[in-house]
Amino acid sequence: MDRNWMSANRLSAEYKEGVDFFLDFCHKHAKNPKLILCPCLKCGNMERMNTSKIKEHLFRNGIDKSYKVWCYHGENIRVHGEETSKSKKVKNVNLDYQDDHIPEMIGDAQFQSNVDPLEFQNFVEDAEKPIYPNCNRFTKLSTLVRLYNIKAKHGWSDKSFTDLLAFLVELLPEGNEMPLSFYEAKKTLSSLGMQYEKIHACPNDCILYRKSFVDAISCPTCGESRWQKKKNSDEVKIGVPAKVLWYLPPIPHLVRFFRNVNHAKNLTWHATDRKLDGKMRHPADSPAWKTIDARWPEFANEPRNIRLGLSADGINPHTTLSSKYSCWPVLLVMYNLPPWLVMKRKFTMLTLLISGPSQPGNNIDVYLAPLVDDLSQLRYEGVPAYDAFRNEDFNLKAILLWTINDFPAFGNLYGYKGERVQCMPDL
């Protein structure tokens, strides 16, 4: 289809016909026609809603003009004349951005991506491009990461960010690499393949709307609507979830670490370079580690298998002690690493972000369900991975060694009452 309508005046018949065709296309290819990603400039394919609401957004906000391939709505990405085999290699790249705000994980991108090789190659090229000709300080990627950090820090809307990018395109010298919209900027950053999942939750913490409940519109336990209620009314906003769990799957992160030569080597430090003198120098010297080795020798025989620690606790994201809002992050750390690396930020994985306003309490098991599924897969089945240090494929497994919590959180995780926790000092 000719997609010039996306640039046409929103009051024109051409734009109206184009929107109707787009919505018809979405309805035919969507797994759930009642919940479709909205490609307007404000939503940027981040919010799900019904087609009538999307139509309203497309006329009010306009469609993102850079969204030429409708990959979020059923259309396949086709690349002509280039190799698309997953065996295609991506060269090692020195990503020295001279920018402390860039995540260190990106800075160590000497690995092959588990996303489409062509997409990752585009990411590599973007990382090397100066933001404008003859600029020696900022690349396209370092600029976007800095701007994205400022956006998140100050709570800018997606629309305001798009307006800023459009202005910067005009402000910077001709030939600059600044994207035209927020959607296009996200597409550049998402080439890393580290995606997150927004899972709707019951506002009373009864269930997550996944698996058998993915299409439910109300909680089967308490009957509360899945959707947010309008202020001072029982009417709901269809498509706007009452509560959301942010899930960042740990498996892609673990696989990525082994695709970096240095990280792959460090993840077996406990077996190759640890000093064995009977002293407690590393978690591998602990009774818990040795118990796992004795009970599951087939797991212990592969030094690349990961021993994980899980930490969960509530935080106040609004930096005011008087606030009653509590947000719960769930973190994983890898104890295979040398002691001086274990607690580094780049090796700490945020897996769950449980939104407030109140803490999940004993219902935290509801929110841990997707993480438990992934940890079970890592424990019993494993996942295929590539060891860049040894230049070989292997089956990666992991086990949860222990959890790190204060006593109240410990009681929530294990189902103990506070009194019982306090009388168990040996734990």
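Helices (H or I, at least four residues) and strands (E, at least two) are taken here as DSSP runs, numbered from the N terminus. On that basis the protein chain comes out at 16 helices and 12 strands. This is a predicted model, so local features need pLDDT of at least 70 and side-chain atom pairs count only at pLDDT 80 or more, while totals for chains, interfaces and linings use all residues. Residues are numbered from 1 along each chain as its sequence is written, and side-chain values use heavy atoms, with hydrogens and water left out.

Of the 427 residues in the protein chain, 44% are buried, where buried means under 20% relative accessible area, exposed over 50%, and partly exposed in between (1.4 Å probe, protein chains only). Contact stands for heavy atoms within 4.5 Å. Among contacts in the protein chain with a separation of 6 or more, 58% are between residues 24 or more positions apart.

Next comes the sheet. Six strands make up an open sheet with mixed pairing, in the order S3-S6-S9-S8-S7-S12; two strands pair if DSSP finds at least two bridges between them. At the edges sit strand S3 (197-201) and strand S12 (398-404), each pairing on one side only. Ignoring direction, neighbouring strands of this sheet are turned by 20° against each other on average; axes are lines fitted to C-alpha atoms, for helices over the stretch in contact, and angles run from 0 to 180 degrees between N-to-C directions. Inside the sheet, strand S6 (residues 243-247) and strand S9 (residues 349-354) are antiparallel partners over three bridges, and Leu245 has Ile354 in S9 as its bridge partner. Helix H11 (residues 287-295) lies across strand S7 (306-312) and S12, and runs at about 155° to S12.

The largest nonpolar core has 48 residues, of which Ile306, Leu308, Val330, Met334, Leu371 and Leu396 touch the most other members. H14 gives the most to this core, with seven residues. Apart from it lies another core, of 20 residues, including Trp5, Ile36, Leu58 and Tyr183. A nonpolar core, for the record, is a set of buried Ala, Val, Leu, Ile, Met, Phe, Trp, Tyr and Cys residues joined through side-chain atoms within 4.5 Å. Not counting residues up to four places away in sequence, Leu308 touches Met334, Met349, Leu375 and Trp402, among others.

Buried residues of H14 include Pro370, Leu371, Asp374 and Leu375. Just after H14, Gly382 takes a positive phi of about 80°.

Most residues other than glycine have a negative phi. Two exceptions are found in the loop between S3 and strand S4 (227-229): Asp205 and Lys211. Phi is near 65° for Asp205 and about 55° for Lys211. Asp205 is buried, with a relative accessible area of 7%, whereas Lys211 is exposed at 59%. Asn363, in the loop between S9 and H14, is in contact with Asn204 and Asp205, leaving aside neighbours within four places in sequence. Asn363 is partly exposed, with a relative accessible area of 33%.
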